[in-house]
Amino acid sequence: MWQILYDSGGLKWPAYAFLYGMAGSLFMALSVILARGHNVPLRPRRVLDWSLGFLAAYIILSRLGSVLYQQPENYIEESFNLAAKGRATHIAAFLIAIIFLLVGWKRWKLNRLWACWAGPFLLAVAVGYIGCYCYGCCYGRPAEKDFPLAVQFPVIHNNHGRVVGAPAAVEQNKEGLLPPDAKHGLPVHPTQLYYVVLYGVLGLFVTLGAALRPRREWFFAAMWLYFLVRVIVDPFRSFGGDMTIYEASPLVRGAQFGFLTLVGAVWLFLKVLHRGDITKQTSYGT
Amino acid sequence: MKPETENVAGARHTDLLRGRSRAAKAVFLVAMLCLLAGLWFANVALVKNAQIQLLLYILAFYGVARFTLRR
């Protein structure tokens, strides 16, 4: 993970970690605020604890998932490397998740908390992708000629003349797509901004919907929407140079629809299992 | 005695800022912004690993929020 993208006028801009930190904080803060409105039968500081636990689990699963997504053949080796190379966030997140699991195993009163997490989860993902845009990762494939939304990421040369900085520019340089004196990368689809807009709008809708009818199915709806947006936007995303992620990994599309089916099935199962409106129930949880 | 709220589980809770004056809330806000700015500059100057930076931001928010949400 790089920390600096835009070196504008000497100002170092560690946007990636900052915006992901803000995304996590936004998630926890919104969860606490919504939990109060939804009458979650937990103290606000317990809601905060559970939200941190959820965040930790999300970080672990998304990072391991991204390894699976990009390099399924190296999954075992890369999973080991994630832990072995001192990736502090994952190790800390892993420990936090285990502690929360042990503490909360028999006190699962979180039905309404699922509804509180749904909207903030999508909104936090949207904020996180602003970080991706600032950093220059998760970039799109080269855009068609005169595509009005296309963006170019900066090419930065270090003291040894090597191209560093935004992964978009580094990858395009590695593929030999850029001339040696290029100041900018090729114009590409701003996939990060597609994510920001879609997740932001959907996050607002889900937050509003879950506020009107606080049911935990909202959380599974949010998960489903998360994958749906990936399916819509990922064909515009690059996987090194001008190769799309699907050309690089033909397994990916199948895996995504597999995920969608799985999440949809779990959602339907829980819906059938849990009939009725939880706002009318007197006992919380199982 | 600070005002408390009772939720549906019967748990009474309050938070640090409830019932405080507007000036006290402003002081708290400024202190938090200073903390954020300090964390930003400390991260840029000292912490080179973006993952540890991310961890510090999240844990700093969690610590402050947990301190603020009193029982």
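**Stop one: helix α7 of chain A**

Start by selecting the buried residues of α7(A): A:Thr191, A:Gln192, A:Tyr194, A:Tyr195, A:Val196, A:Tyr199, A:Gly200, A:Gly203, A:Val206, A:Thr207, A:Gly209 and A:Ala210. Buried here means under 20% relative accessible area, exposed is over 50%, and partly exposed is in between (1.4 Å probe, protein chains only). Helices are DSSP runs of H or I, at least four residues, numbered from the N terminus.

Before going on, some housekeeping: this is a predicted model, where local features need pLDDT of at least 70 and side-chain atom pairs count only at pLDDT 80 or more, while totals for chains, interfaces and linings use all residues. Residues are numbered from 1 along each chain as its sequence is written, chains are lettered from A in the order in which they are written, and side-chain values use heavy atoms, without hydrogens or water.

**Stop two: the rings**

Colour Phe, Tyr and Trp next; there are 16 aromatic pairs over all chains. Rings pair if their centres lie within 6.5 Å, using the six-membered ring of Trp; planes under 30 degrees apart are stacked, over 60 edge-to-face, and the rest tilted. Zoom to A:Phe18 and B:Trp40, an edge-to-face pair at 5.0 Å centre to centre and 75° between the planes. This one crosses between chains, from helix α1 (residues 15-37) of chain A to helix α1 (residues 22-45) of chain B. A:Phe18 is buried at 19%, and B:Trp40 is buried at 15%.

Then hop to A:Tyr129 and A:Tyr195: with centres 4.1 Å apart and planes at 20°, the pair is stacked. A:Tyr129 sits in helix α5 (residues 111-135) and A:Tyr195 in α7, so the pair ties together parts 66 residues apart in sequence. Both A:Tyr129 and A:Tyr195 are buried. They also belong to a cluster linked by ring pairs, whose members include A:Phe27, A:Trp114 and A:Tyr199.

A:Asp49 is buried at 9% relative accessibility, whereas A:Arg46 is partly exposed at 30%.

Definitions and conventions
Helices (H or I, at least four residues) and strands (E, at least two) are DSSP runs, numbered from the N terminus.
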